[in-house]
Amino acid sequence: MRGLSESSSRESGQRLAVDPTTAGVAEAFGAFEAFAVSRGLPEAVRRRMLLVLDEVLSNVVHHGFEGPPPAGSSIGLTFAAGTGELVVEVSDDGRAFNPLDAPPPDTTLPLGVRVPGGLGIALVRAMLSRVEYARRDHRNVLTLTIDLRADVSGDVNGDS
Amino acid sequence: MEIREEQQDAVTVVTPIGRLDSTTSPTLDERLAAIVAGGARRLVIDFSQVDYISSAGLRVMLVLAKKLKDGHGALALCGMPDPVREVFSLAGFLRLFAVETARPAAVTRVTA
């Protein structure tokens, strides 16, 4: 299990790498919770970002690789909470995949019509102020932002 | 995960305990499938002991709802703590289910 690398100054946040396994994901949750507590982030914000991390990291572990991840594979995370925003960056070296490409599920359709896919990413979008995807150096990079000054409310269809 | 199951007349009340995430949700999914396969048609899911739910848990509820609807059954959810309710709300799920605060109201709802 890969442990924490350096923890930089309070201003520049925290960075770590974990294995793309359920154990690595648990480690990532623990590190984020410790970071959130140390920065005094509101509980509601911490809960939202934990749920987002659950969705994003589960996706990497369960769908990011064909078969077991290659040796040396890692999920990189950075946490930053300056300038009125909580910004978490998650990068992985699994197959190239942009989860934001999936169309949002239309939850206004009656129950018989809906397909229960894309729900995870719909929740992610609803919980965040902003989410961006980039492909950099053969890694998928998701940047997850919660504006600490805004009231992030409303559901996936735009009504509160 | 621990899952409590009780009968109240014709209604089966299921109380999952703890987290409903991608690791625990399959257990609930299997139990609910068995309950429905065993002939239950009126179900209440009591969320009062659930402290966390992710999309995996939501999917289990959706699958259950569809199964019961196809079998002309009834489903109601109750007892959601605020964090759980928030997730249902953000996913647009509150309008899909019969949701009550208290269990007796949920039992009445599926019996009507």
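Me: In what order do the elements of chain B run from the N terminus on?
Reply: This is a predicted model, in which local features need pLDDT of at least 70, side-chain atom pairs count only at pLDDT 80 or more, and totals for chains, interfaces and linings use all residues. Residues are numbered from 1 along each chain as its sequence is written, chains are lettered from A and ligands numbered from 1 in the order in which they are written, and side-chain values use heavy atoms, without hydrogens and water. Helices (H or I, at least four residues) and strands (E, at least two) are DSSP runs, numbered from the N terminus. Chain B has 4 helices and 6 strands, in the order β-β-α-β-β-α-β-α-β-α.

Me: Which residue of chain B meets Arg48(A) in a salt bridge?
Reply: A salt bridge is a side-chain nitrogen of Lys or Arg within 4 Å of a carboxyl oxygen of Asp or Glu. For Arg48(A), the N to O distance is 2.4 Å. The pair crosses between chains, from helix 2 (residues 43-63) of chain A to helix 3 (residues 82-90) of chain B. The partner is Glu86(B).

Me: Is Arg48(A) buried or exposed?
Reply: Buried means under 20% relative accessible area, exposed over 50%, and partly exposed in between (1.4 Å probe, protein chains only). Because its relative accessible area is 9%, Arg48(A) is buried.
The class is therefore buried.

Me: How many residues apart are Glu5(B) and Arg31(B)?
Reply: Their side chains meet in a salt bridge (2.8 Å, N to O). Glu5(B) lies in strand 1 (residues 2-8) and Arg31(B) in helix 1 (residues 25-37) of chain B, so the pair links distant parts of the chain, at a separation of 26 residues.
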